[in-house]
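Have a look at the model first, then try each task before you read on.

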Amino acid sequence: MSRIELLPAVLDTAAAKPLADMLHERLTENEPLQLDGTAVTQIGQACLQVLLSARQAAAARNVTLSIREPSEAMTMMVTLAGCADLVGKAED
Amino acid sequence: MDLDAIQQMFFQESEEGLQALESCFATCREGGDDAETINTIFRAVHSIKGGAGAFGHEHLQTFAHHYESVLDQLRSGGLTMTPALLDVLVAAFDTLTDHVAAAQGERSTPDDSAVLAALEAASHADAAPPAEPPAAPAAAVEAPAPTAGSDDFDALLGLLGPEASAPEAASGGDDFDALLGLLDLEPAPAATPSWRVRVRPSGNGFANGSEPLLLIRELSRMGATDIAVDASDLPPFDELDVQRSYLGWTMDMPTEVAREDIEAVFEFVDGWQIDISQEEAPAAPVEQPEAPEVSVEPAPPAPVVTPPAAAAKPEPVEAKPNPVETKPTPAVTKTAPPSAEAAAATIRVELDKLDRLVNLVGELVITQAMLAQRLSEHGLGGTSELTSLENLTRELQDSAMSIRAQPMKTVFNRVPRIIRELEADTGKRVRLQVEGEMTEVDKTVVERIGEPLTHLIRNAVDHGIEGPQDRIAAGKPEEGVLRVAAEQRSGRIVITVADDGRGIDRARVRAKAVERGIVAPDANLSEEEIDNLIFAPGFSTAEKVSNISGRGVGMDVVRRNVQALGGRIGVSSRFGNGTSFTLSLPLTLAVLDGMIVKVGDQTFVIPLGNIVESLRAQPEQLSYLSEQAAILDVRGTQLPVLRVGPLLDVPAQTDPGETVMIVVESDVGQAVMMVDAIEDQRQVVVKSLEANYRAIPGVSGATILGDGRVALILDVDGVMFQARRKPALAA
């Protein structure tokens with residue numbers, strides 16, 4: 001059983017801090033975490049970095065952090081940025 | 001410099017680019033479609049596209065991209081210039097202008113579908129034999145115009161081409177393998193040489209709202225493949241500063257893309273590491289595994305995502321036989337596009353700084369005058385040092401003013417489009433003649449003359465020039481001629497808008513003026529006076545209201561706008577042969593040649609531009625309608641005497657024999673200003689009353705004299721208007 005967090009629609013630079021704070025909090029719970037990207041309409045580098053770094057931290061804790069159902073916009077931009085694996089199939 | 005300022009610079013450069021385009025198309029119309037002209041057109045459109053991409057103006061960027069594609073074909077010989085193609089390119093230019101205006105928030109996004117379709121059709125004109133099916137509408141071929149805001153990333157899908165809207169892309173769900181297929185937007189050539197582009201935003205790459213991913217996306221659109229992220233600098237999550245940029249990218253770019261085009265993408269960023277080198281691509285596809293392995297290593301500093309290409313890329317091999325781009329380019333901080341060689345001769349300066357300089361020079365001129373006055377009081381007025389200082393000051397002032405000067409070209413360049421639109425709206429044919437476009441005038445004048453000029457041009461085409469049938473019937477060429485000219489004359493700029501149309505129908509103008517109560521039915525009016533009736537407020541002879549020159553309220557507004565610039569407007573016309581409007585404007589609004597006069601204990605400045613002559617009145621020249629209202633006979637012409645003192649509530653000399661009569665003229669005719677004495681004639685620095693105090697009727701501004709006194713600058717038109725309201729004080 002993993003926890004699912006809904007990502008906000010706009011993941012721009014301003015959204016990076018709240019996103020990082022949320023992930024910090026969740027990661028301390030040491031529970032598998034799924035981020036639902038259905039609603040994401042835009043994502044910028046700042047949030048992309050947060051996700052990459054958080055996933056790295058999760059892996060260090062042996063916690064699964066994955067993105068499920070990324071929107072087309074999210075998939076497109078993340079893929080363009082060379083991070084296609086980030087929006088890889090969510091693990092259950 | 002913040003992002004807004006940089007974007008403002010982009011818009012300024014876009015304006016300049018658009019002006020260059022207009023000139024180039026005029027050259028093309030005259031058969032001058034040589035390679036250099038076509039190249040200039042291409043470069044201007046390309047620059048606009050690059051900036052639009054950097055600032056997220058999707059519509060503009062998309063349109064410019066299509067436009068540029070056709071231009072590229074043209075410059076590479078794939079298309080040949082024909083009148084039909086030129087028409088398409090000019091129409092596209094107009095739409096591009098609208099897109100730029102929309103990007104600046106000055107208008108809504110234009111509907112460009114028809115022009116895009118025309119561009120698309122034009123791009124196949126030479127290549128496709130007639131038997132081939134007609135080109136599909138552009139909108140269906142590529143890049144449907146995004147409907148969301150300019151920064152809406154939803155639009156990305158549309159921008160990525162038809163693949164993005166393929167069914168599998170829309171499948172959604174968690175089938176990412178299908179989505180990953182989108183990556184293969186362009187099959188990378190197996191063994192062709194390519195540019196290797198390495199990009200790393202500066203640490204504060206997000207400052208002022210910058211979004212590096214937009215530029216990566218732009219590179220992708222230009223054909224970048226194998227985009228690999230380098231996250232090796234990404235710190236552990238606990239140490240991550242969300243406001244700092246840690247990522248870098250490496251990608252391959254086909255050599256068909258010019259190096260300067262790649263560099264142009266980074267034109268508006270600062271402090272980025274950008275390295276563009278050329279190398280032989282490996283024979284086999286390098287990377288982009290369908291499901292890249294993610295190295296999730298416990299050791300925090302290890303790179304999270306390091307595709308092979310980014311980490312283990314061999315050093316660039318500088319062995320490409322491309323003679324143009326063989327020099328190795330080290331990683332640079334803030335790109336300097338090589339095409340900037342021409343820019344070295346000019347620099348951009350904020351207008352505020354310039355205005356401050358001009359203002360300071362004005363203060364210096366005043367101080368110099370005060371010094372001269374003080375020294376002359378001590379018998380030292382004629383020293384050579386003082387004369388040198390005066391000359392230097394005047395030279396410095398001229399130089400400072402010339403920095404603000406701009407050629408009228410910036411205004412005249414907008415005229416062809418206005419004509420094109422008017423031709424389309426009216427069905428008339430108009431040939432434009434432009435003269436004196438390099439005549440320089442102060443920036444403020446350039447900025448504020450556009451509106452009245454546009455109105456005069458619209459008026460000339462709408463009301464002046466006849467339709468083709470009428471012209472032929474009148475024995476004229478089918479095509480009307482509109483002449484727009486500028487020249488410097490006696491320290492002023494004179495702008496002429498002349499047409500060879502039907503001219504002013506004085507009988508009709510007079511009848512209309514009588515009907516509207518503007519003149520009395522029995523008024524004895526000269527031809528000139530009748531012509532000038534068209535400037536009367538509310539006057540209109542248009543039988544039907546058109547959307548071109550408005551509702552006939554324009555000409556009085558034109559006159560007011562011109563007067564607000566310290567200018568005058570005149571009209572001359574020959575019925576059946578055309579009308580000519582002449583605008584006479586000061587070259588600058590910051591200094592003024594004036595006559596210093598005394599009225600009572602006050603000192604005033606009368607602009608020399610208004611002064612015809614000055615004289616001492618002989619008693620026999622004066623006739624009195626009342627005790628206060630006098631008429632002066634100036635060589636047979638009876639002119640009303642305006643007593644400046646009473647008009648401005650200043651106690652003054654009342655005996656005409658003891659005063660000086662200054663004959664002045666304005667748009668409403670001539671009059672005589674009665675002042676106590678003339679003190680001097682000199683150039684004065686104009687200080688705004690509105691900015692420093694408040695507007696005063698009859699006074700256009702103020703200046704500071706050499707002795708430190710403030711002198712008001714008389715607004716001759718305003719004083720004459722005041723006199724009409726106080727008729728007892730005038731004739």
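**Exercise 1.** Work out in which order the five strands of the open sheet in chain B are arranged.

*Solution.* Step 1: the order is β21-β13-β14-β23-β22 in chain B, with mixed pairing. Strands here are DSSP runs of E with at least two residues, and helices are runs of H or I with at least four, numbered from the N terminus. Two strands pair if DSSP finds at least two bridges between them.

Step 1: find the edges. β21 (677-685) and β22 (699-704) of chain B each pair on one side only.

Step 2: look at one pair. β22(B) and β23(B) (residues 710-714) run antiparallel and are joined by five bridges. In β23(B), A711(B) is the residue opposite T703(B).

This is a predicted model, in which local features need pLDDT of at least 70 and side-chain atom pairs pLDDT 80 or more, while totals for chains, interfaces and linings use all residues. Residues are numbered from 1 along each chain as its sequence is written, and chains are lettered from A and ligands numbered from 1 in the order in which they are written.

**Exercise 2.** Describe how helix α1 (residues 13-27) of chain A packs with helix α2 (residues 45-60) of chain A.

*Solution.* Step 1: the axes of α1(A) and α2(A) are 8 Å apart, at an angle of about 15°. Axes are lines fitted to C-alpha atoms over the stretch in contact, and angles run from 0 to 180 degrees between N-to-C directions.

Step 1: α1(A) is therefore roughly parallel to α2(A), a label for angles under 35 degrees.

Definitions and conventions: Angles under 35 degrees count as roughly parallel, over 145 as roughly antiparallel, 65 to 115 as roughly perpendicular and the rest as oblique.
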